[in-house]
Amino acid sequence: MIEKHKKPTRFQRLRNWDSLKLLKYAVIGFFALFLMIPLLSVFIVSFTGEPVNLFGSFVNPEILSTNIERLQNASFEHYANLFSSGSVYLSALNNSLLLSILVSVIVIVMCLPIAYAFARTAMPFKKTLAALCTMPIIVPTFISAAGFIIMFGRTGWVTHVFNTMLGTEGAIFNVYSMLGIILVQVFFFFPFALWPMVAAFKIADLSVEEASRNLGAKSWSTMVFVTLPLALPGMISSALLIFTVSFSDFGTPIILAPDGLNLIVVQAYREISGFFNWAGASILTVIMVIVAAIFFWLQRLATKGKDYGTVSGKPKKVKLNAKKAVTLPLFTYTSLVVLLPVLTVFSVFIQSIATTWGRDLLPRGFTLDHYATIFTRSTDNIMNSIILASGALVISVIVATLVSYFVVRQNATKLDFIASIPLVVPGIALGIAFIQTFNTAPLQLTGTAFLLIVAYAIRRMPYMIRSTMGSMMAIRSDIEEASVNLGASRLLTLTTIVGPLMLPGIVAGSILVFVTVIKETSVTILLAPSEWAPMSLMVFQNILRGQMYTASAMAILIIGVVLILQLVANRLTKNSLY
Amino acid sequence: MGSVTVKGLVKQYSDVPALKGVDLNIREGEFYALLGPSGCGKTTTMRCIAGFEDITEGDIYIGAQRVNDVAANRRNCGMVFQSYALFPHYNVFENVAYSLTVRDLYRGSYGKRVKSFARLMSKKLGKPPKELYQKVMDALQTVELDHLAERGVGELSGGQQQRVALARALVMEPAVLLMDEPLSNLDKKLRNTMRTTIRTIQQEIGITTIFVTHDQEEAMSMADRIAVMKDGEIVQQATPTELYGKPLTPFVADFVGSSNIYDATVIDGRQVKINDQFVVHTNGVTENGEAKVLIRPEGIKILREHSESRNVIEGKVTMSTYFGPNIRYDVNVGEATVVVEQEFEPGIPVYDQGDHLFLHIPEERVLLL
């Protein structure tokens, strides 16, 4: 019955060749070129100790033979040096681990009462406090660090108030120290942990608690033995998240770490930009990625399969604790915690409109000159930021839309995995990998705005994908089939049907990309050519030069832009935190 | 317009066979229903014809053209989806215009292509050409929705959405119209109206139509011919009358209409003993031995008094149910249960649980399967 199939001619095969398939290879190529190969070459360099030009090996046999020679000299020597006692790298790793562990433990302990207050009590001014408890994460850390200097530095106003009150001399504590870094990170990263913990407290099964109380347990023992253990997975996962964030943070340590304090991100930065030490920078990069990956994996493990397991279909009305004896202390405590970040930003603001300020509670006078300065002399930086951020946005939108399409519709799990790798690559690590890979011909891109844009796009890709994937999943597949049935190719369907339907997710995601690119420092400092210096780099350089007034004005501008865009994005996705 | 021929269609999902060799011969202009329980492969068959599934083996022809290697968007089959799958970001007019605009985009002059693409992205970017506008409005008129052309599809009722989906499929003048359970999302009353609408439009245009459904009533009332499917195979292809009157297997008999199906022993070719309980005569001729017997409930007559004629048996009512315009009795005859359906008319005697009655089963109503 079945007739022998006629083989389709070459022309037919070409015509039926799915244009989407080509796009899929293009996307995979993009990730290979700008993510996998840079990471691979850093890994190789960490053994060879000398730069390996992977792209060169493909086009130039001479380079290939040099590379092979270098590969033959590869050894564990550099790693052995790392673990020998007294090595700079080892102390950098130890210090970074210590910093991140301390920060995550302190954050969790500090957030416990606040999370409980938001989830389970009728604390007064809850909405205002919730907004204030979200604000810190939108402030770039190098600006928070600068704010700390304005407050607690030797000439800071808090130091002044403290000294006048107690009649003492000198700083309360040295901001340029481990303590200073810890404080900045704790008070500006805590929202990352707070909101997941609030969620964990909210969904831990209330009926179990009721049962406990019903069996005669006092409310405090219910809290300790029932509520806390139920919220524990949420807390552990938050702690691990804070660890990763703190470990890869570059803004705080680069401003506040004193010469004697070695931290892995700062050390890596110095190795590459100060000494051009390829081996050292690569080893530190490999270690950073491994540590971040381990903690990221642990965090997944802590939340995996749990979904806080006790969510039942029946929504239960949470009975909020409204006892004044509970809510008032919680309110006071929460206000005190948010007071510090609020004052920090406020100090930056005052600095930006001060004529001279130092060794006093208030500035001598107020002026808008600094803003006039940045809007006349630094318009280039503002334009650069906009152009770079827009470029990164365009790349992320296209790649993320395609990735979510392939992952959701064609179940491309490997692509999903590759696209989420940037989550575990700290900015400094990506910057170092890029410099090493694109330093020489045939793909000499270091020092171009293009490479910087690609680096931004890669770094923000996982977040963009999360945003687009959500709206992709909401589109039923038969809508696409209908379009194909009506004569449109898969590619045209993607442009005319899928794209427009995904628009809200794409817009929200791209605003967030824009925001984070404007805030970004680590990749910027490593990769930005001077003629392309964006706002964040200008602030950073001015802080280092001690030009705090213009730096503050620009910082306030950044915060303002970020705040407005973030609000727009939240409105679009309608995701409220409380 | 065109016929549809399917030869030895096999569809394999990794290890699980979904279709095990399906043969169909659908004539031009025919209204053809694929009927079967869920998971029988009827939707898969349709999706293979539409080109949404890669076929493992076999051939599909639309008209004279073998379409195995033709991409889904070049097959020219209009499909109406179960969920309608209307484009939520387009209004009614744009939904229906989609296929024509896409056609212009691929085939027109360069200026036309650019304009078509612009219109697909937003209706603000240009007006549709007159000819296209007229075609779309004609299609909307066919489904009586021309007055709602500028509405958003979200503002329409289920029945209206259904009609937009139909107009959208028809406007491209497809060779075949495919409908996947198109009525299952409508309420019963609307379903009956839509049945008539669809059938009328199909007759007017004379388009070859393949209709997938699990509802035998729907298939029987609309289709010219029906293929009953089970476990990836076609069990019987026939007209509704044939299917009802001469089902080939107990499965078909049971699926199409309600039925009494019994294990029976054939005595001397013309008499059967049912369930070892009672003996009836039959027209059907078969060899002695074991057989399956089908008696349609509405073929059985209820007698008030005993009659000496052939095929009259006595029974006792165990349950009586009102069933739409019919009354249904479950009657115990010995240890066998016979279901009887009688049209309700004023003045006929109604029996209650426990009542005795006599049943007359006409010989031609005793079918041997």
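Predicted model: local features only at pLDDT ≥ 70, side-chain atom pairs only at ≥ 80, totals over all residues.
Residues are numbered from 1 along each chain as written, chains are lettered from A in written order, and side-chain values use heavy atoms, without hydrogens or water. Local features need pLDDT of at least 70 and side-chain atom pairs pLDDT 80 or more, while totals for chains, interfaces and linings use all residues.

**Exercise 1.** Find which residues have the most contacts inside the largest nonpolar core.

*Solution.* 
- Start with the term: such a core joins buried Ala, Val, Leu, Ile, Met, Phe, Trp, Tyr and Cys residues through side-chain atoms within 4.5 Å, where buried means under 20% relative accessible area with a 1.4 Å probe, protein chains only.
- The largest core has 233 residues, and Phe31(A), Phe118(A) and Leu194(A) have the most contacts inside it.
- Helix α10 (residues 178-203) of chain A gives the most to this core, 16 residues; helices here are DSSP runs of H or I, at least four residues, numbered from the N terminus.

**Exercise 2.** Describe how domain 1 and domain 2 of chain A meet.

*Solution.* 
- Take the bounds, from an automatic or database assignment: domain 1 covers 90-348 and domain 2 covers 367-578.
- Next, count contacts (heavy atoms within 4.5 Å): 35 residues of domain 1 of chain A touch 30 of domain 2 of chain A.
- Then take the buried area (accessible area, 1.4 Å probe, lost on being put together, summed over both parts): about 2900 Å², with 83% from carbon and sulfur atoms.
- Finally, Ile138(A), Phe142(A) and Phe250(A) supply 21% of the area that domain 1 of chain A buries against domain 2 of chain A, more than any other three residues.

Definitions and conventions:
Buried < 20%, exposed > 50% of the residue type's maximum accessible area, 1.4 Å probe, protein only. Helix = DSSP H or I, 4+ residues; strand = E, 2+ residues; numbered from the N terminus. Buried area = accessible area lost by both parts, 1.4 Å probe.
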